[in-house]
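Trainee: Before we start, I would like to see how the labels used for this model follow from the values.
Mentor: Then look at the model and ask about each label in turn.

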Amino acid sequence: MSEKFVAALDQGTTSTRCMIFDVHGTMVAMAQREHHQHYPRPGWVEHDAAEIWSIVRQVVPMAFSDAGVEPGQVVAFGITNQRETTVVWDRITGRPVGRAIVWQDTRTTDLLAEIAGDIDPAEITARTGLPLTGYFSGPKLRWILDHDENIRARGERGELMFGTMDSWITWNLTGGINGGLHVTDVTNASRTMLMNLETLDWDPVLLQALRVPRSMLPEIRSTIGVVGHTVHPVPGVPIGAIIGDQQASLFGQTAFDAGEAKCTFGTGSFLLLNTGQDIVRSSHGLITTVAHRVGDEPAHYALEGSVAVAGGLVAWCRDSLGLIRTAAEIETLAATVPDNGGCYVVPAFSGLFAPHWNPSAQGVLVGLTAFVTKAHIARAVLEASAWQTRDVMEAMRADARLSARSLAVDGGMTTDNLLMQMLADVLDVPVVRPMMAETVALGAAYAAGLAVGYWPDRQALRRNWQRAAEWRPTIDPARREAEYAAWTAAVGLADAWGHRGATVQLVT
């Protein structure tokens with residue numbers, strides 16, 4: 001009898017990849033391709049959904065071929081995706097009506113006041129667990145509908161379909177215009193600002209307030225459970241799970257129980273704390289979101305702190321400034337100096353996300369003197385990810401009244417050992433990296449495998465988890481708090497600069 005495997009499709013902000021995993025949670029093959037980033041105006045970020053689907057059609061057969069497996073050997077497919085990114089496409093032709101609006105995009109900022117005039121922002125938060133910001137899919141969809149009367153008319157006639165990337169890919173995988181399934185799962189739906197956290201269904205009050213036709217929306221399914229079978233580019237594989245990328249990471253870290261947390265460091269960074277079946281309402285700038293749902297069981301929830309720019313700041317230093325030639329060089333350069341030389345970088349390229357939720361803030365580099373070198377700036381770039389995580393952790397402690405005993409980390413930036421030590425120092429807790437750092441794809445695979453019985457239960461998944469490295473705090477506590485105070489002042493300056501059109505009092 002041939003060996004069986006699970007596949008995961010990870011559609012991320014910068015690339016799409018397909019990974020094949022065995023029963024031990026070991027990756028046996030991976031195929032990956034990047035897609036283009038489009039920046040037509042300041043603050044606008046777009047992707048070509050058709051290009052992404054073309055890449056999916058390339059990487060899935062490549063991964064199967066590299067692993068030497070036939071479709072019949074793959075017992076389930078898990079889909080995970082960049083969340084909030086918004087796609088609208090034609091139900092008949094299958095073609096997108098325009099580029100996808102990416103989660104980082106800030107074009108909806110001016111629209112928020114209009115939405116607030118139709119519904120109290122506190123009511124939105126009560127129903128969705130989300131603050132009224134342009135980060136989420138609902139305002140992006142509203143913007144698309146408002147800026148083209150033909151698109152709105154076609155949407156209201158049921159000719160167009162809306163979805164986040166999971167919906168777009170699942171529809172295409174299951175046949176597209178020839179019977180494709182228009183579905184999403186509760187984790188992705190909880191990021192639209194259109195789903196009620198308690199009913200786990202589209203909320204009619206929100207649909208009316210955001211002027212979104214229900215006919216455009218996908219059916220909301222549970223995270224774990226077979227939704228259908230693939231048609232393209234490989235046939236007959238059950239799709240066992242659909243899950244947003246950060247919830248997938250939480251699952252891949254086997255953080256199944258209330259009180260367990262993880263932080264993913266990729267283009268942005270995302271800290272999630274599992275709160276079990278309790279919906280914990282944040283009063284400190286965090287998001288309440290769905291962690292996962294298995295079949296008809298009650299949903300599990302999480303508190304989340306989303307940071308827009310983490311690894312994206314390193315990429316900016318490489319691509320826009322030429323400060324480094326490769327992302328890995330940032331660690332080498334930063335390690336040549338013992339501290340930041342007094343400079344701080346606040347990467348508010350898309351405003352500030354959690355816990356500040358300040359769309360007007362703009363990025364600043366402060367504390368420059370003739371003493372500061374590019375090495376100091378490189379160190380400040382890495383520290384920005386650590387300090388932003390500290391901001392989120394402080395909010396999480398206040399909301400959940402839990403102090404993390406350690407922090408599990410994953411994502412591409414966790415290969416930077418200097419950054420991991422910085423994290424341990426500023427958070428004052430051990431930072432732990434698992435053997436499999438790419439836990440987003442692993443979590444999707446785990447969820448899909450559970451759906452078809454490939455793994456018998458969650459304890460089997462816990463047994464797969466292995467620690468690769470751990471960092472413990474070494475910094476003097478007085479220095480930690482002094483530098484955090486300086487970081488907080490720099491954040492205040494980012495806010496002041498974003499409001500420079502008005503008379504502002506700068507932080508002194």
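Trainee: Which residues of α1 and α6 meet?
Mentor: In this predicted model, A49, A50, I52, W53 and V56 of α1 meet M165, W168, I169, N172 and L173 of α6. Contact here requires heavy atoms within 4.5 Å.

Trainee: Why are α1 and α6 called oblique to each other?
Mentor: The axes of α1 (residues 49–67) and α6 (residues 165–173) cross at roughly 55° and come within 11 Å. Angles under 35 degrees count as roughly parallel, and the roughly perpendicular class runs from 65 to 115. The pair is therefore oblique. The crossing of α1 and α6 is right-handed.

Trainee: What makes T289 count as buried?
Mentor: Buried means under 20% relative accessible area. T289 has 0% relative accessibility, so T289 counts as buried. T289 lies in strand β15, residues 287–292.

Trainee: With which side chain does the side chain of T289 make a polar contact?
Mentor: With that of R191, at 3.2 Å; the cut-off for such a pair of N or O atoms is within 3.5 Å. Beyond four places in sequence, T289 is in contact with residues including Q247, Y301 and E304.

Trainee: What makes β15 and β21 edge strands?
Mentor: The open, mixed sheet has seven strands in the order β15-β16-β14-β13-β19-β20-β21. β15 and β21 each have a single partner strand, so one side of each is left without a neighbour in the sheet.

Trainee: How do you know that β20 and β21 pair?
Mentor: Pairing takes at least two bridges, and β20 (residues 431–434) and β21 have four, in the antiparallel sense. R433 stands opposite A469 in β21.

Terms used. Residues numbered from 1 in each chain as written. Predicted model: local features only at pLDDT ≥ 70, side-chain atom pairs only at ≥ 80, totals over all residues. Heavy atoms only, no water. Helix = DSSP H or I, 4+ residues; strand = E, 2+ residues; numbered from the N terminus. Buried < 20%, exposed > 50% of the residue type's maximum accessible area, 1.4 Å probe, protein only. Polar contact = N/O pair within 3.5 Å; in protein donor to acceptor, adjacent residues only side chain to side chain. Axes fitted to C-alpha atoms, helices over the stretch in contact; angles between N-to-C directions. Parallel < 35°, antiparallel > 145°, perpendicular 65-115°, else oblique. Left-handed = near helix turned anticlockwise from the far one by under 90°.
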